[in-house]
Amino acid sequence: MAYALITGASKGIGKAIALELAKRNYDVLLTARSAHLLQQVAEEIKQQYSVTVNFLPLDLTELNASQKLFDWCIENNFSVCVLVNNAGYGLSGYFEKYSLEESTHLLQINITAPTQLCRLFIPVLKQQSQSYILNICSSSAYQAVPMLAVYSASKTYILRFTRALKQELANTNISVTCLSPGPTDTDWAKTANVSNKVLKMASKINMTPEKVAAIGVKAMLNKRTEVIAGFTNKLGAFLAWLLPDSFVEKTAGNLYK
């Protein structure tokens with residue numbers, strides 16, 4: 001029995017991806033910080049789909065969290081064939097507004113944990129006939145974003161890490177995909193402390209987690225290297241490539257002031 005492992009699976013895009021994979025008859029392994037929310041998601045999946053669901057409450061900011069998650073899978077003979085690195089969050093505002101600990105925790109969740117989990121699980125993924133890695137990125141990865149400095153930089157890392165890993169694993173059974181959502185109807189903006197101005201603008205182009213998840217899982221199963229969810233976000237990435245960096249970065253920063 002092979003499983004899909006999803007981090008940050010208690011709500012938002014992570015929960016939607018878990019449901020999307022369960023709909024496609026994947027047994028699922030869920031992890032996030034909240035045991036209560038994970039229990040709710042597990043019950044919801046079991047009620048809708050005839051798949052096996054297990055979950056592990058875990059804070060990925062903990063030093064050995066990735067190893068704990070990997071060990072849990074090995075000890076319980078959970079053969080993972082899909083790894084979804086979804087857990088992540090943002091911090092909005094001037095870089096110096098946040099403490100060293102706050103920025104370090106963001107980097108741990110957004111960069112360190114996905115990197116560690118890929119390294120730990122690749123040998124396991126190679127044991128399956130076909131395996132997938134889906135890294136959740138962001139449309140902000142395609143340019144530097146003042147007022148989201150650490151977050152956007154962390155997502156640029158994930159984008160380029162995914163592209164590189166795709167090439168390294170090209171001759172194996174593992175396909176690697178990067179999903180870059182834009183504004184989505186989740187708790188991300190609240191957690192990131194974005195302004196009401198940004199919330200109002202984002203509400204006009206917000207996508208649902210379910211739509212984003214469907215796009216991402218489809219791209220993953222089609223073995224695409226990367227996909228940007230939504231026409232507006234694709235256009236934004238194209239303009240970021242086309243226009244001068246200074247103009248793009250000043251414009252992006254002004255949106256978050």
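Welcome to a quick tour that starts with the rings: the count comes to 4 aromatic pairs, where rings of Phe, Tyr and Trp (its six-membered ring) pair if their centres lie within 6.5 Å. This is a predicted model, in which local features need pLDDT of at least 70 and side-chain atom pairs count only at pLDDT 80 or more, while totals for chains, interfaces and linings use all residues. Residues are numbered from 1 along each chain as its sequence is written, and side-chain values use heavy atoms, with hydrogens and water left out.

**Aromatic pairs**

- Tyr-3 and Phe-78 form an edge-to-face pair, 5.0 Å centre to centre with 65° between the planes; planes under 30 degrees apart count as stacked, over 60 as edge-to-face and the rest as tilted.
- This pair links distant parts of the chain, 75 residues apart: Tyr-3 sits in strand E1 (residues 2-7), and Phe-78 in the loop between helix H3 (65-75) and strand E4 (79-85).
- Tyr-3 counts as buried at 5% relative accessibility, and Phe-78 is buried with a relative accessible area of 10% (buried means under 20% relative accessible area, exposed over 50%, partly exposed in between, with a 1.4 Å probe and protein chains only).
- The planes of Phe-70 and Phe-121 stand at 80° with ring centres 5.1 Å apart, so this pair is edge-to-face.
- Phe-70 in helix H3 and Phe-121 in helix H4 (residues 100-125) are 51 residues apart, and their pair links distant parts of the chain.
- Phe-70 is buried at 15% relative accessibility, and Phe-121 is buried at 1%.
- Tyr-3, Trp-72 and Phe-78 make up one aromatic cluster.

**Helices H1 and H2**

- Two packed helices are described by the angle between their axes and the distance between the axes.
- The axes of H1 (residues 12-23) and H2 (residues 35-48) come within 10 Å and cross at roughly 25°; axes are lines fitted to C-alpha atoms, for helices over the stretch in contact, and angles run from 0 to 180 degrees between N-to-C directions.
- H1 and H2 are therefore roughly parallel to each other (angles under 35 degrees count as roughly parallel, over 145 as roughly antiparallel, 65 to 115 as roughly perpendicular and the rest as oblique).

**The whole chain**

- The chain has 10 helices and 7 strands, taken as DSSP runs (helices H or I, at least four residues; strands E, at least two) and numbered from the N terminus.
- Of its 257 residues, 51% count as buried.
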